[in-house]
Protein chains: 2
Amino acid sequence: MSSSQPAETRTQGRGGQTATLAEIAREAGVSAPTVSKVLNGRADVAPATRSRVEQLLRDHGYRRRRAEATRSPLIDLVFHELESAWAMEVIRGVENVARDAGLSVVLSESAGRLTPGRTWADQVAARRPYGVILVLSGLDEAGRALLTSRSIPFVVMDPAGDPGTDVPSIGATNWQGGLAATRHLIELGHTRIGAISGPTQMMCSRARVDGYRAALETAGLPVDPALILTGDFHHEAGYRQGLALLRREDRPTAVFAGNDLQALGCYEAARELGLRIPEDVSVVGFDDLPVARWVGPPLTTVRQPLTEMAEAAAKLVLDLAKGADQTATRVELATSLVVRSSTAAPAGV
Amino acid sequence: MSSSQPAETRTQGRGGQTATLAEIAREAGVSAPTVSKVLNGRADVAPATRSRVEQLLRDHGYRRRRAEATRSPLIDLVFHELESAWAMEVIRGVENVARDAGLSVVLSESAGRLTPGRTWADQVAARRPYGVILVLSGLDEAGRALLTSRSIPFVVMDPAGDPGTDVPSIGATNWQGGLAATRHLIELGHTRIGAISGPTQMMCSRARVDGYRAALETAGLPVDPALILTGDFHHEAGYRQGLALLRREDRPTAVFAGNDLQALGCYEAARELGLRIPEDVSVVGFDDLPVARWVGPPLTTVRQPLTEMAEAAAKLVLDLAKGADQTATRVELATSLVVRSSTAAPAGV
């Protein structure tokens, strides 16, 4: 149900049943203030009681009326990991929107787990932000139920997995980007093009490599599975898989590196093997981080408008906090190829 | 006075006078709850009343007892600007300590102003974090008084200006780093060495260039003021000032670039002028960002332990929140020279 019905006290559950806070308290065999404490993330509730109340809130699809909830002037921003150089671009976008709205940003990291831990969700419930933005990170069903019951809206940016059709999300046109990067190499005359994918459990990685395949296939070129390796979006993986591709006897003349950090890893692999970029091997990245312009040679890459995507995610979550309808919002911002000096025709063409 | 006296109700002011909340209310001609509202950063106080109460809190050196203050499980982290690539290293260090302590990090940006605005300080007072870490950013006297009166401790990391002897701060041995970078170049045989300083209002910039000067002087080499230019720690400034240095007829054979981003700007300037690194010009950075290892050639630089510095700042602020004595804590973590491939003997040596 939409959050645009702030006057609704009785809320519609999954099975069509409705429940007030008092009814949930009665069913749980606790007092109404105890249910309130759970909703407010207070620590002074026994774990067994808490989990019984949470289960009932979830079963009844309970949703707190916004009038009951006093919000803190905060937006929660959760990263899968803070390692990535592009986290900064995202933080900047969210900060821009938050500052204009008089809000502060709470930053956290789901630290290698693809779903933030239960402790995190409790903390969010206790601090009651305007909304939550999850970057490359999903929420398990308990986490979703917990935020929903507190009327805390959430948006997923560039989802790692399938966020579900009813979760608002912001992405980029990853498939189109992979297609454009590979077509650029084909137009230069390359026919053996390697690819280094990001982690395969991330939808964005899959979409980029699918775009790469589509470009080869529509150009009538064979897709050689031996030339498609998998990395983890970090420099080290680009270096390792770059070495693996470039050490082959039938080495590719060009590499679509999956992202900029992996492209820089490829640069290092090429240097180590005494191969010149772009004379001996062309390299294309994905993201267009600031560093792409600074390296030698400057990197041809697919620009992903990370700051704009983060701004869009922050605006969407604030709209949802104001009661906008959240049914199945999925926004994809356009990627664009930025041609610099790391790509050229292969030798002999 | 130290914050290790939690039982103290009457607090010692500048002139030795003491005042309770009730006395401040009486002097301001308002009720005690109104003073409480001001202390809690509540919005429902007339601006004139608020500023009269703040002035009295400040004049009396009022400090809230910790027992009165219910803290939120937050640490505030304030950047001068989020542009810098090294902001991520700092965020990671603070996150590490915050996570272990069960706290979340609120991120903000003083956005070009060297002192965070009044609105920011009010927001901090209202959310009552365990403490505040200011990065390359100071606090004006009103901001300091505001945090002190709420017993919210703060630590300055790598101060932009003189933080004052009574402000706890964490830095790196910038002077030693500038000295080591320049001595390395002198030992390779360079005698004409240019320098690109960071912004001169930042103490860390001054210390690095002073270390550079000391290395030249102790080696008996002349200091040529025409070879010392000023940037702003960004890539663009390194490029512009790199061009200015390398276009000179008597161009230096080596450049101490002030930080890594300015060093990368120098790389671009050298490429544009057809100069090879390190054959025609040696370049040394400062920071040792991840990118320093990835560029071609890998950059010789002075490593600043940013993540460890941020961890130290976070631990210090939590110690202060627990009541540790905060008199004149200044910690400097050691820098170290990391020699890679961007430095070599000058041609003909």
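In this predicted model, the side chain of B:Thr34 makes a polar contact with the side chain of B:Ser31, at 3.0 Å. B:Thr34 belongs to helix α2 of chain B, residues 32–39. Beyond its neighbours within four places in sequence, B:Thr34 is in contact with B:Val45 and B:Thr49.

B:Ala207 touches B:Asn174 and B:Trp175, with residues up to four places away in sequence not counted. B:Ala207 and B:Ser197 are ten residues apart in sequence, and their C-alpha atoms are 9.7 Å apart in space.

**The interface of chains A and B**

Chain A gives 30 residues to the contact and chain B gives 31 residues. The area buried between the two chains is about 2600 Å². Carbon and sulfur atoms give 57% of that area. On the side of chain A, A:Met88, A:Leu107 and A:Trp294 lose the most area to chain B. Together they account for 24% of what that side buries.

Polar pairing across the interface comes to 14 residue pairs in polar contact, both residues at pLDDT 80 or more. The count of salt bridges between chain A and chain B is zero. Five elements of chain A give two or more residues each to the side that touches chain B: α4 (87–100), β4 (104–109), α5 (118–127), α10 (260–272) and α11 (291–294). The residues on that side of chain A divide into 14 nonpolar, seven polar and nine charged.

The strands also meet here. β4(A) is joined by three bridges to strand β4 of chain B, residues 104–109, and the two run antiparallel. A:Val106 has B:Val106 in β4(B) as its bridge partner.

Twelve strands form an open sheet with mixed pairing. The order is β13(A)-β7(A)-β6(A)-β5(A)-β3(A)-β4(A)-β4(B)-β3(B)-β5(B)-β6(B)-β7(B)-β13(B). β13 (330–333) of chain A and β13 (330–333) of chain B stand at the edges. Each has a single partner strand, so one side of each is left without a neighbour in the sheet. From one strand to the next, the twist averages 20 degrees.

Within chain A, strand β5 (residues 131–135) and β6(A) pair in the parallel sense over four bridges. There, A:Val132 has A:Phe154 in β6(A) as its bridge partner. Helix α12 of chain B, residues 306–321, packs on the sheet. This helix touches β3 (74–79), β5 (131–135), β6 (154–157), β7 (169–172) and β13 of chain B. The direction of α12 makes about 165 degrees with that of β6(B).

**The six-stranded sheet of chain B**

Chain B also has an open sheet of six strands, in the order β9-β8-β10-β11-β12-β14, with mixed pairing. At its edges stand β9 (228–230) and β14 (336–338). Each of these has a single partner strand, so one side of each is left without a neighbour in the sheet. The twist averages 20 degrees from one strand to the next.

Strand β8 of chain B, residues 193–197, pairs with β9(B) in the parallel sense over three bridges. B:Ile196 stands opposite B:Leu229 in β9(B).

| Helix of chain B | Strands touched (chain B) | Angle with direction of β11(B) |
|---|---|---|
| α7 (residues 174–188) | β8, β10 (254–256), β11 (282–287), β12 (300–303), β14 | about 165 degrees |
| α10 (residues 260–272) | β8, β10, β11, β12 | about 155 degrees |

**Backbone features and salt bridges**

The peptide bond from A:Ile277 to A:Pro278 is cis, with omega near 5 degrees. A:Pro278 lies in the loop between α10 and β11 (282–287) of chain A. In chain B, the peptide bond from B:Gly296 to B:Pro297 is cis, with omega near -10 degrees. B:Pro297 sits in the loop between α11 (291–294) and β12 of chain B.

A:Ser151 is not a glycine, yet its phi is positive, about 55 degrees. A:Ser151 is in the loop between α6 (141–149) and β6 (154–157) of chain A.

Over all chains, the count comes to 23 salt bridges. One of them joins the side chains of A:Glu89 and A:Arg92, at 4.0 Å from N to O. Both residues lie in helix α4 of chain A. They are three residues apart, about one turn of the helix.

Note on methods: Residues are numbered from 1 along each chain as its sequence is written. Chains are lettered from A and ligands numbered from 1 in the order in which they are written. This is a predicted model: local features need pLDDT of at least 70, side-chain atom pairs count only at pLDDT 80 or more; totals for chains, interfaces and linings use all residues. Side-chain values use heavy atoms; hydrogens and water are left out. Contact means heavy atoms within 4.5 Å. Buried area is the accessible area (1.4 Å probe) that two parts lose on being put together, summed over both. A polar contact is a pair of N or O atoms within 3.5 Å; within protein, one must be able to donate a hydrogen and the other to accept it, and residues adjacent in sequence count only if both atoms are side-chain atoms. Ala, Val, Leu, Ile, Met, Phe, Trp, Tyr, Cys and Pro count as nonpolar, Asp, Glu, Lys and Arg as charged, and the others, Gly among them, as polar. Two strands pair if DSSP finds at least two bridges between them. Axes are lines fitted to C-alpha atoms, for helices over the stretch in contact, and angles run from 0 to 180 degrees between N-to-C directions.
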